[in-house]
Amino acid sequence: MNKSFLNYIFSLSLLTCTGCTSTFISDSLALIEREENRENSQVVNTKVLMSIQTLRAAQKMAQHTHTTTYTFTYELHDKELNYRNRIKLAKILVQNKHPIIINIAPAKGESQLQQLSLAMKRATILRQYVERLNKGVTIIFAPDLSTDTIHLSIGA
């Protein structure tokens, strides 16, 4: 009886351990497979992300290469551009059908009020001149530009 009892316990423990072991092995294999799948998906996502970033950078470079900028300067205390700059500005406005933005800087003056006043007068006169040539021009006050200048950007 001792012998059969020991065989019974041994076979029961063998079957129990075998079941646990097979479950442990299958769980371990499933865990390893999930980790490999996760790593593979991260590699794919990283590759896709890098491709997207490369395309964005190329698009930004393409946009910047199509932007042309011109700078015009006003004479001290003048409300209008000189004749040569007006002719050059007219040629640019007539030839281009792209969006045009003109950034106008503050004028030189003794006080900020005088600077803004002269800049506003310049913007008004510039608007009247530009509207005859091209209706799609936007004029923006840009206080960070150097005084008595305007920057014209085409394709911005």
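A nonpolar core here is a set of buried Ala, Val, Leu, Ile, Met, Phe, Trp, Tyr and Cys residues joined through side-chain atoms within 4.5 Å. Buried means under 20% relative accessible area, exposed over 50%, partly exposed in between (1.4 Å probe, protein chains only).

The model is predicted, so local features need pLDDT of at least 70 and side-chain atom pairs pLDDT 80 or more, while totals for chains, interfaces and linings use all residues. Numbering runs from 1 along each chain as its sequence is written, and side-chain values use heavy atoms, without hydrogens and water.

**Exercise 1.** Find which residues of the largest nonpolar core touch the most other members.

*Solution.* Start with the 19 residues of that core: L89, I102, L126, I150 and L152 come out on top. Next, see who contributes: α2 (83–95), β2 (100–104), α3 (112–133), β3 (137–141) and β4 (149–154) each give at least two residues. Helices (H or I, at least four residues) and strands (E, at least two) are DSSP runs, numbered from the N terminus.

**Exercise 2.** Work out whether L152 is buried or exposed, and what it touches.

*Solution.* L152 sits in strand β4. With a relative accessible area of 0%, L152 is buried. Skip residues up to four places away in sequence, and its contacts (heavy atoms within 4.5 Å) include Y70, F72, L89 and I102. Now check I102: its C-alpha is 4.4 Å from that of L152, though they're 50 residues apart along the chain.

**Exercise 3.** Sort out which residues of α3 are buried.

*Solution.* List them: L118, A119, R122, A123, L126, Y129 and V130. They share one side of α3, because their arc (directions from the helix axis to the C-beta atoms) is only 145°. Finally, the buried ones pack against α2, β2, β3 and β4.
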